[in-house]
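Here's a quick walk through one protein chain, going from the overall fold down to single residues. Have a look at the sequence and the coordinates before reading on.

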Amino acid sequence: MAYIVTDLTRLKGSDEVCIAVLGCEDGLCRRPLPYKNRNDVEEFNIRPGALIQADSVPRTELSGPHTEDCDFHDEKWPGLAGESDFRQLLGKTAYDSLSEGFCGRVNSQIRCVAPENCPDRSIVTLRVIPEEVKLSIVDAGEKKMRLTMTDSSGERYRRLPVADLHFYSLAMKLEEQGRLEELGRRMSESSEVFMRVGLGRLHESGSGKKGYWVQVNGIYCFPGYYDLMGFE
């Protein structure tokens, strides 16, 4: 079966990268395990929009909301899907409301899902309002990226952590050049902006709060996403 890669998620303090894909035919999300590493990403040129052909086998032992976990066998990487095909697949799977996507377990005030209250999925595609996307960098040892956005239902989410591997790399490069605002302007001037928003693995915060925390795994603006990211 053919899939298109959507998410390449940075993992804190690790060389591993969590990948998620959408089925070209069924639109269902799958998360191949075990994780890839950054050498794999370079070797196979893995990026959002990349095509992968593989046999998928669902995992029987699943944890929390991570129902997408599976094993991939006989992987082939034929190249990059057309940008219009990628955009169409994101649009077909997108929610207008993040709360709806996570079955009411998440909203602008609740960004950590308790283990006893999990939704039946851990990643959703979200359609957001382009003009309401704001980017910022937090310098706390390792530079961290934060994003404020308004989903298409009008609910505003402030300072969400961004774990998108390629988008983070681009933002850090532009920030070093003093040009981060150009990236924010590109978002706001786009016709469409989609995001992939996920619930991370079970984590206990410094304050002792334990659960599945909301993070932004993927950011895509159209038209011109491939050009912006240097994929073409």
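## A cut-off to start with

A residue counts as buried when its relative accessible area is under 20%, as exposed when that value is over 50%, and as partly exposed in between. R179 has a relative accessible area of 33%, so R179 falls in the partly exposed class. Keep in mind that everything here comes from a predicted model.

## The overall picture

The chain folds into six helices and 15 strands. Its radius of gyration is 17 Å, close to the 17 Å that the globule rule gives for 232 residues, so the chain is as compact as a globular protein of that length. Along the principal axes, the C-alpha atoms fill a box of roughly 45 × 45 × 35 Å.

How much of the chain is buried? Of the 232 residues, 49% count as buried. As for contacts, take those between residues at least 6 apart in sequence: 63% of them join residues at least 24 apart.

## Helix 4 against helix 5

Helix 4 covers residues 165–176 and helix 5 covers residues 180–188; their axes come within 7 Å and cross at roughly 130 degrees.

Which residues do the touching? On the helix 4 side they are F167, L170, A171, L174 and E175, and they meet L180, L183 and M187 of helix 5. Sorted by class, this contact has seven nonpolar residues, no polar ones and one charged.

## Salt bridges

Side chains of opposite charge can pair when their charged atoms come close. In this model the count comes to 13 salt bridges. One of them pairs R59 with D71, at 2.9 Å from N to O. R59 sits in the loop between strand 5 (50–58) and strand 6 (69–80), D71 sits in strand 6, and the two are 12 residues apart, so to speak linking distant parts of the chain. R59 is partly exposed, at a relative accessible area of 32%.

R201 pairs with D69, and their closest N and O atoms are 3.2 Å apart. This pair also links distant parts of the chain: R201 is in the loop between strand 13 (192–199) and strand 14 (203–204), D69 is in strand 6, and 132 residues separate them. Back at R179, the partner is E182, with the closest N and O atoms 3.0 Å apart. E182 counts as partly exposed, with 33% relative accessibility.

Where are the cis peptide bonds? One joins L33 and P34, with omega at about 0 degrees, and P34 lies in the loop between strand 3 (29–33) and strand 4 (36–37). Another joins F222 and P223, with omega at about -5 degrees; P223 is in the loop between strand 15 (210–222) and helix 6 (225–229).

Positive phi values turn up away from glycine, too. N45 has a phi of about 55 degrees although it is not a glycine. N45 lies in the loop between helix 1 (38–43) and strand 5, and it is partly exposed with a relative accessible area of 42%. D74, which is not a glycine either, has a positive phi of about 55 degrees. D74 belongs to strand 6 and counts as exposed at 56% relative accessibility.

How values were computed:
Residues numbered from 1 in each chain as written. Predicted model: local features only at pLDDT ≥ 70, side-chain atom pairs only at ≥ 80, totals over all residues. Heavy atoms only, no water. Axes fitted to C-alpha atoms, helices over the stretch in contact; angles between N-to-C directions. Helix = DSSP H or I, 4+ residues; strand = E, 2+ residues; numbered from the N terminus. Contact = heavy atoms within 4.5 Å. Nonpolar A, V, L, I, M, F, W, Y, C, P; charged D, E, K, R; others polar. Salt bridge = Lys/Arg side-chain N within 4 Å of Asp/Glu carboxyl O. Buried < 20%, exposed > 50% of the residue type's maximum accessible area, 1.4 Å probe, protein only. Rg over C-alpha atoms; globule rule 2.2 N^0.38 Å.
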